Amino acid sequence: MAYKLEGKDSYMEENLFAKTGGEPTDRLILTKRLGVGIICAADEKGTISPEAEEQTLETMTMQNEAALDICKKYEVHAVADVMESGFLGHVHEMMDGQTSCRIFSDQMPVIEEALDDAQAGTYTRQAEINREQIRPFVSFERVGSDMEEVLFDPQLWGGMLIAVKDNQTGELLGDLQRAGYPAEVVGEIIPRENTEIYVQG
């Protein structure tokens, strides 16, 4: 499976939304599935299914520009690109030491086979680095080791993590899903506590 993509989504260069500035009661929406790094590592072993390959390529080639345009219609306080630092790394970036959050792992859009591969011990070196750097800021409750691995997994051409005003969440989510994104509400921002990121299963 070849993963050669050219260029960047224009929104990355335009920087129209701040990466920080989410407010307590904001909801967190993730626009794309996680698990791309794990699937790529499994592909090197020749262990992925055609279905996982198709889902991974779809995830990587889905452009973020349409999602950005949709966000412009709503009170979005922050947007982070979920890439090399993994989902939790970019959540940490968004909180910026100013707020905390609850993450709902059972609502996370994931390439399902990535969970199986993680359970079988497939991971990347970058995921290990991400875990070392971010683990002190995270508390896990009822979360399996496979999902933990996915949440630290580096992404290639990942989705957007969006902090949106709570009363606009349903409309924004609906617009994203109608545009073809497998988006889900994956968390909420809360006032700053001793623990920055609570991940709940």
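Trainee: Why is Ser100 called buried?

Mentor: In this predicted model, the relative accessible area of Ser100 is 0%. Buried means under 20% relative accessible area, exposed over 50%, and partly exposed in between, with a 1.4 Å probe and protein chains only; Ser100 is therefore buried. Local features need pLDDT of at least 70, side-chain atom pairs count only at pLDDT 80 or more, and totals for chains, interfaces and linings use all residues of the predicted model. Residues are numbered from 1 along each chain as its sequence is written, and side-chain values use heavy atoms, without hydrogens and water.

Trainee: What makes Glu196 count as buried?

Mentor: Glu196 has 2% relative accessibility, and therefore counts as buried.

Trainee: What makes a polar contact between the side chains of Glu196 and His92?

Mentor: The two side chains make this contact at 2.4 Å. A polar contact is a pair of N or O atoms within 3.5 Å; within protein, one must be able to donate a hydrogen and the other to accept it, and residues adjacent in sequence count only if both atoms are side-chain atoms. For Ser100, a polar atom of the side chain lies 2.9 Å from the backbone nitrogen of Glu193.

Trainee: How do you know that the buried residues of α7 are on the same side?

Mentor: In helix α7 (residues 125–134), the buried residues are Ala127, Asn130 and Ile134. They cover an arc of only 60° around the axis, and are therefore on the same side of α7; the arc is that of the directions from the helix axis to the C-beta atoms. Glu132 and Gln133 are exposed on the other side of α7.

Note on methods: Helices (H or I, at least four residues) and strands (E, at least two) are DSSP runs, numbered from the N terminus.
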